[in-house]
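I opened my notebook to look through a protein model, one entry at a time. Here is what I looked up.

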Amino acid sequence: ASQESYYDTRGSNFPTIWSRLVESKSKVIVEPTGSQVQFEEARNEYQDQIAREKRCILLAVFRGKMSEGISFNDDHARAVICIGVPFPNSLDRNIKAKKAYNDEQR
């Protein structure tokens, strides 16, 4: 299945977010979660796309492989958008203590 099919869950004729991203930048590359070879292929595909068309979106995990030790200077990163969804380990001792403290303050 194509990546776009994963994002079209409405079953309607409205453009999906995925299709709108592809339309605006011609290529969307997602950081792979697999092997080092897959990572390097994705990185090279991104760099080649930027060199050819100057338009590409790279979706990567903050603190993932793509964010460590790679230079995104000049045309390789015109903007960076960070979205974080914190999911702390609820069984962690510090989190339990913070929850208990917050509950006492209510």
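**Entry 1: the whole chain**

What share of the contacts with a separation of 6 or more comes from residues 24 or more positions apart? I found that such residues account for 51% of those contacts in the protein chain. I noted beside this that the model is predicted. Next I looked up the elements, and the protein chain has 4 helices and 2 strands. Starting at the N terminus, I read their order as α-α-β-α-β-α. I also checked burial: 15% of the 106 residues count as buried.

**Entry 2: helix 3**

I picked helix 3, which runs over residues 36–53 and has 18 residues. From first C-alpha to last it reaches 26 Å, close to the 26 Å expected at 1.5 Å a residue.

Then I asked myself which residues of helix 3 are buried. My list is Phe-39, Ala-42, Tyr-46, Gln-49 and Ile-50. They lie on the same side of helix 3, because they cover an arc of only 100 degrees around the axis. I wrote a reminder here: an α-helix has 3.6 residues a turn, so residues three or four places apart point the same way.

What do the buried residues of helix 3 pack against? I found strand 1 (28–30) and strand 2 (57–59) as their partners. Turning to the other side of helix 3, I noted Val-37, Glu-41, Ala-51 and Arg-52 as exposed.

**Entry 3: a closer look at Gln-49**

I stayed in helix 3 for this entry, as Gln-49 has its place there. Is Gln-49 buried or exposed? Its relative accessibility is 5%, so Gln-49 counts as buried, the cut-off for buried being under 20%. I then looked up its contacts, leaving aside neighbours within four places in sequence. Gln-49 is in contact with Ser-26, Lys-27, Lys-54, Arg-55 and Cys-56. Two of these names, Ser-26 and Lys-54, come up again in my next entry.

**Entry 4: two positive phi values**

I began with a reminder to myself: most residues other than glycine have a negative phi. Which way does the phi of Ser-26 go, positive or negative? I read a positive value, near 75 degrees, in a residue other than glycine. Ser-26 sits in the loop between helix 2 and strand 1. With 27% relative accessibility, Ser-26 counts as partly exposed.

Lys-54 was next on my list, and helix 3 is followed by this residue. Lys-54 is not a glycine either, yet its phi is positive, at about 65 degrees. I located Lys-54 in the loop between helix 3 and strand 2. Its relative accessible area is 54%, so I put Lys-54 down as exposed.

**Entry 5: the largest pocket**

How much space lies in the largest pocket? I wrote down about 940 Å³. Its lining is made of 25 residues, and Leu-58, Leu-59, Ala-79, Val-80 and Ile-81 are those nearest its centre. The elements giving two or more residues to this lining are helix 2 (17–25), helix 3 and strand 2. Strand 2 gives the most, with 3 residues.

Last, I sorted the lining of the largest pocket by kind of residue: 18 are nonpolar, 2 polar and 5 charged.

How values were computed. Residues numbered from 1 in each chain as written. Predicted model: local features only at pLDDT ≥ 70, side-chain atom pairs only at ≥ 80, totals over all residues. Heavy atoms only, no water. Expected span 1.5 Å × (residues − 1). Buried < 20%, exposed > 50% of the residue type's maximum accessible area, 1.4 Å probe, protein only. Arc of directions from axis to C-beta. Contact = heavy atoms within 4.5 Å. 1 Å grid on protein atoms, 1.4 Å probe; cavity = no way out; pocket = protein on both sides within 12 Å on 5 of 7 lines; lining within 4 Å. Points joined across faces, edges and corners; volume = space filled by probe spheres on them. Nonpolar A, V, L, I, M, F, W, Y, C, P; charged D, E, K, R; others polar.
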